[in-house]
Amino acid sequence: MALDLSEIRQQITQIDRSLLKLLSERHRLAFDVVRSKEITQKPLRDEKREQQLLQELINFSENENYQLEPQYITQIFQKIIEDSVLTQQVYLQKKLNEQREQSIHIAFLGKRGSYSHLAARSYATRYQEQLIELSCSSFEQIFEKVSSGEADYGVLPLENTTSGSINEVYDLLQHTDLSLVGELTYPIKHCVLVNGQDDLSKIDTLYSHPQVIQQCSQFIRSLNKVHIEFCESSSHAMQLVSSLNKPNIAALGNEDGGHLYGLTVLRSNIANQENNITRFIVIARKAITVSSQIHTKTLLLMTTGQEAGSLVDALTVFKKYQIKMTKLESRPIYGKPWEEMFYLEIEANTNHPDTQAALEELRQYSTYLKVLGCYPSEIVKPVDVR
Ligand SMILES: O=C(O)C(=O)C[C@]1(C(=O)O)C=C[C@@H](O)C=C1
């Protein structure tokens with residue numbers, strides 16, 4: 001008997017709807033959990049509980065003979081737990097910093113569909129706020145728009161897992177009175193986007209930004225002689241391919257951006273390196289208070305004397321107070337040749353007495369020290385199982 005594909009698909013759709021319903025119920029439980037933790041003041045994250053839960057689910061699946069790989073179960077539930085942690089985090093932060101506006105103006109680099117735009121959208125969605133988009137043509141303009149009050153927030157890329165730190169943003173942070181109020185990561189997944197056609201061999205021209213072309217060089221080499229048209233950004237490329245509407249052209253961009261321009265994905269995951277993630281920071285005029293129940297980070301700017309060992313002396317303060325440092329970056333100081341500005345990111349909350357004591361001590365070893373901001377970390381590191 002031939003199996004009817006459309007019937008099977010109907011069954012799949014039904015099951016997926018049931019899964020969605022259950023996911024929504026679980027998502028709602030995160031609010032009950034956080035309200036309970038507000039009273040007990042327990043930390044939002046309980047890694048031991050996460051490990052036990054994942055192990056229990058793997059054992060359960062094995063006993064029931066569900067035929068599901070432990071790694072598959074772990075991956076899915078880590079994502080579900082991440083949502084739970086971030087939902088709880090946002091709930092506490094909104095309460096602590098007073099309910100924010102329903103709609104927020106966010107400044108970002110590039111047009112709609114740029115990775116910065118997608119990151120801004122993801123930040124606004126997380127805080128359940130309506131996004132009013134302020135597209136900017138330079139990082140400097142983002143700082144200006146936030147300073148002048150035209151934008152409530154600015155979203156800026158700080159580092160990428162392939163290309164490293166974005167120096168221009170670090171340099172602008174040296175001269176700002178704005179505060180860091182958030183961070184988020186966004187996966188960079190390049191794909192081939194077209195105007196509906198389904199045959200890759202018919203494509204003879206690719207449009208994109210030089211960096212995207214470079215990051216997908218292996219895939220491009222595997223194609224039969226294609227012509228490359230360089231664009232100002234991948235969002236420009238997507239817009240162009242959409243408006244030209246020709247069967248022989250494609251843009252290299254991202255799926256969400258392509259969706260905005262009505263393009264469809266012909267091939268995905270075409271970058272040379274699979275794990276390509278950008279970390280963005282969020283800036284605002286006013287610093288925020290971060291709940292002590294949340295995993296928190298603080299970014300510091302520091303200069304030390306020129307003597308031998310002065311940076312080492314400064315860093316021992318973190319060892320003394322058992323404060324983990326997640327990033328150390330240095331950049332030249334404009335007008336002071338060979339002097340360095342250090343950027344230190346630590347896992348600490350400036351409201352905690354230990355952090356305050358550590359910063360006080362750090363002042364003795366530094367010639368300049370400034371807290372750029374204390375913000376909730378949105379990176380939920382998965383726990384290990386088995
Ligand atoms: O059980 C809790 O304490 C929760 O916050 C729920 C939950 C989960 O989603 O399962 C989320 C975060 C914790 O790290 C552990 C588990």
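Domain bounds here come from an automatic or database domain assignment.

**Figure 1. Three domains in the protein chain.** Taken over C-alpha atoms, the centres of domain 2 and domain 3 are 44 Å apart. A heads-up on the model: it's predicted, so local features need pLDDT of at least 70 and side-chain atom pairs count only at pLDDT 80 or more, while totals for chains, interfaces and linings use all residues. Numbering starts from 1 along each chain, as its sequence is written.

**Figure 2. Helix 2 against helix 3.** Here helix 2 (residues 47-63) meets helix 3 (residues 70-96), with axes that come within 10 Å and cross at roughly 140 degrees. Helices (H or I, at least four residues) and strands (E, at least two) are DSSP runs, numbered from the N terminus. Axes are lines fitted to C-alpha atoms, for helices over the stretch in contact, and angles run from 0 to 180 degrees between N-to-C directions. Helix 2 passes helix 3 in a right-handed crossing (left-handed if the near helix is turned anticlockwise from the far one by less than a right angle, right-handed if clockwise). Helix 2 brings E50, L54, L57, I58 and S61 to the contact, and helix 3 brings P70, I73, T74, F77 and I81 (contact means C-beta atoms, placed from the backbone, within 7 Å). By class, that's 7 nonpolar, 2 polar and 1 charged (Ala, Val, Leu, Ile, Met, Phe, Trp, Tyr, Cys and Pro are nonpolar; Asp, Glu, Lys and Arg charged; the others, Gly among them, polar).

**Figure 3. The shell around the ligand.** V33, R45, D46, R49, E50, L53, I81, S84 and V85 sit around the ligand (C-beta atom, placed from the backbone, within 6 Å of it). Helix 2 and helix 3 are the elements giving two or more residues to this shell. The shell splits into 4 nonpolar, 1 polar and 4 charged residues.

**Figure 4. Helix 1 on helix 3.** Helix 1 (residues 5-40) packs on helix 3 at about 45 degrees, with the axes 9 Å apart. That makes helix 1 oblique to helix 3, and the crossing is right-handed. R26, H27, A30, F31, V33 and V34 of helix 1 meet I80, D83, S84, T87, Q88, Y91 and L92 of helix 3.

**Figure 5. Helix 11 beside helix 12.** Helix 11 (residues 310-320) and helix 12 (residues 353-365) pack at about 170 degrees, axes 9 Å apart. So helix 11 is roughly antiparallel to helix 12.

Technical notes:
Two residues are in contact if their C-beta atoms, placed from the backbone, lie within 7 Å. Angles under 35 degrees count as roughly parallel, over 145 as roughly antiparallel, 65 to 115 as roughly perpendicular and the rest as oblique.
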